[in-house]
Amino acid sequence: MNPMNPVITVNHVDRAFGSKKVLKDITLQVEQAETFGILGPSGSGKTTLVKLLTGIDEVTSGEINVLGVRMPKLAMLQQIGYMAQSDALYTELSAKENLEFFASLYGLKGGDRTRRIRDVMELVNLQEHLRKRVDQYSGGMKRRLSLAIALLHEPPLLLLDEPTVGIDPVLRQSIWKELKALNRKGTTIVLTTHVMDEAEKCGRLAMIRDGVLLAVDTPAGLLQATGSATIEEAFLYYGGVRS
């Protein structure tokens, strides 16, 4: 792929459910190998936007292109590692069986499959729980397994919806380290968050509230533009809350 072409382009996108507009005229671009954060409170439209990027949902108007392909397109799921906000796991199966099932969907076989399962389970620190049934996992363990599945097929694009909710701070740090390493290898990462210290780790941030894109810039750029000391202050500034 030409590095000059954005990995994602979103042009004047609206998404309505009946008469309720959840996203209003969203336009943004995501470049290759960046970590792009979508920051906003619950109900702001972050999850809807991520579902449109994956092709799980369809725009009401406007256009989305991912890796040069107009979405939605089912075949693109091979190119995307998607981690939903609610864990899409088969709880009556073991972690290993879940990983093997998703590996087969992605066409991973033999030694490759075994190696990737080992690598991703080490990354999320679950290697000792590989054979445990998922219904015996805690909420945080399920989040970690969902992340492992998203990383399994080494996709060029990761779409992560609130990836570190319920994950302890030490492991969260090591996951961020891995995400940055993936960036360096050329992987593009889009993640949603409402956690301000995570927002600061992103290369660029889109601030969204009530389905409206308030601003897109680097964390430093947002602070400078608003004269704020913290990302939280900048967000409140753009949301019309002046201190």
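Which side chain meets that of Asp 57 in a salt bridge? The views below begin with this pair.

**View 1. Asp 57 and Arg 15 are joined by a salt bridge.** In this predicted model, local features need pLDDT of at least 70 and side-chain atom pairs count only at pLDDT 80 or more, while totals for chains, interfaces and linings use all residues. Residues are numbered from 1 along each chain as its sequence is written, and side-chain values use heavy atoms, with hydrogens and water left out. The partner of Asp 57 is Arg 15, with an N to O distance of 2.9 Å; a salt bridge is a side-chain nitrogen of Lys or Arg within 4 Å of a carboxyl oxygen of Asp or Glu. The pair links distant parts of the chain, 42 residues apart: Asp 57 lies in the loop between α1 (46-54) and β4 (61-66), and Arg 15 in strand β1 (residues 8-17). Helices (H or I, at least four residues) and strands (E, at least two) are DSSP runs, numbered from the N terminus. Asp 57 is buried at 16% relative accessibility, and Arg 15 is buried at 14%. Here buried means under 20% relative accessible area, exposed means over 50%, and partly exposed lies in between (1.4 Å probe, protein chains only).

View 2. Asp 112 pairs with Arg 115, their closest N and O atoms being 3.5 Å apart. Asp 112 is partly exposed at 42% relative accessibility, as is Arg 115 at 31%. Asp 119 forms a salt bridge with Arg 118, with 3.6 Å between the closest N and O atoms. The structure holds 15 salt bridges.

**View 3. The largest nonpolar core has 44 residues.** A nonpolar core is a set of buried Ala, Val, Leu, Ile, Met, Phe, Trp, Tyr and Cys residues joined through side-chain atoms within 4.5 Å. Among the residues with the most contacts inside this core are Leu 99, Met 121 and Leu 152. Elements that each supply at least two residues include α2 (95-105), α4 (139-151) and α5 (169-184). The largest share, seven residues, comes from α4. A second, separate core of 25 residues includes Ile 8, Ile 64, Val 66 and Met 76. In soluble globular proteins, nonpolar side chains tend to be buried together.

**View 4. Leu 152 touches several residues, including Leu 99 and Phe 102.** Other contacts (heavy atoms within 4.5 Å) of Leu 152 include Arg 116, Ile 117 and Val 120, not counting residues up to four places away in sequence.

**View 5. Phe 235 is found in helix α8.** This residue is buried, with a relative accessible area of 6%. Phe 235 touches Leu 39, Gly 40, Pro 41, Met 207, Ile 208, Arg 209 and Leu 214, not counting residues up to four places away in sequence. Phe 235 and Arg 209 are 26 residues apart along the chain, and their C-alpha atoms are separated by 9.3 Å.
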